[in-house]
Amino acid sequence: WLEEMCAAVKRDGGFTNDADYFLSLTDRSREHVSRCMKKYIGMTVSEYINTLRLNYIANMLKDSNHSISEIIFESGFNNISWASELFKKKYDVTMGQYRKNVKKKT
């Protein structure tokens with residue numbers, strides 16, 4: 001059930017929603033889902049959703065010319081600063097630098 005739930009969130013763009021949407025995909029309790037996510041995926045529900053959002057942002061920076069703020073909001077983040085901080089932590093560059101670097105390589 002956990003794999004199916006994670007696949008549904010990826011497939012349906014559910015990562016743009018909050019954790020409540022993620023939890024609505026199963027009849028299990030929030031606590032049970034949280035324990036299983038940590039045990040089998042190695043992340044909390046929020047961390048998993050944010051990882052999917054950051055991957056979406058990275059792909060959009062590479063494949064589109066949309067503005068960075070537009071991409072952030074499309075990904076489901078409501079806070080540009082928070083998204084920027086998480087992106088920098090994951091990719092070790094700002095979103096602008098990432099876009100510049102990947103555009104140079106193509």
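Ser-75 lies in helix α5, which spans residues 68-75. Helices here are DSSP runs of H or I with at least four residues, while strands are runs of E with at least two, and both are numbered from the N terminus. The relative accessible area of Ser-75 is 0%, and the residue is therefore classed as buried. The classes are set as follows: buried is under 20% relative accessible area, exposed is over 50%, and partly exposed is in between, with a 1.4 Å probe and protein chains only.

Leaving aside residues up to four places away in sequence, Ser-75 touches Phe-15, Thr-16, Arg-53, Tyr-56 and Ile-57. A contact of this kind requires heavy atoms within 4.5 Å.

## Basis of the model

The model is predicted: local features need pLDDT of at least 70 and side-chain atom pairs count only at pLDDT 80 or more, whereas totals for chains, interfaces and linings use all residues. Residues are numbered from 1 along each chain as its sequence is written, and side-chain values use heavy atoms, with hydrogens and water left out.

## Salt bridges

Side chains of opposite charge can pair when their charged atoms come close. Two salt bridges are present in the structure, the criterion being a side-chain nitrogen of Lys or Arg within 4 Å of a carboxyl oxygen of Asp or Glu.

One of them joins Asp-20 to Arg-30, with 2.5 Å between the closest N and O atoms. This pair links distant parts of the chain, ten residues apart: Asp-20 belongs to helix α2 (residues 19-24) and Arg-30 to helix α3 (residues 30-41). Asp-20 is partly exposed at 44% relative accessible area, and Arg-30 is likewise partly exposed, at 43%.

A salt bridge also connects the side chains of Asp-27 and Arg-28, at 3.6 Å from N to O. Here Asp-27 is exposed, with 71% relative accessibility, whereas Arg-28 is partly exposed at 33%.

## Cysteines

A disulfide is a covalent bond between the sulfur atoms of two cysteines. How many disulfides does a search of the whole structure find? The search returns zero, where a disulfide is defined as a pair of cysteine sulfur atoms within 2.5 Å.

For Cys-6, the closest cysteine sulfur is that of Cys-36, 10 Å away, and therefore too far for a bond. Both residues are classed as buried: Cys-6 has a relative accessibility of 6%, and Cys-36 has a relative accessible area of 11%.
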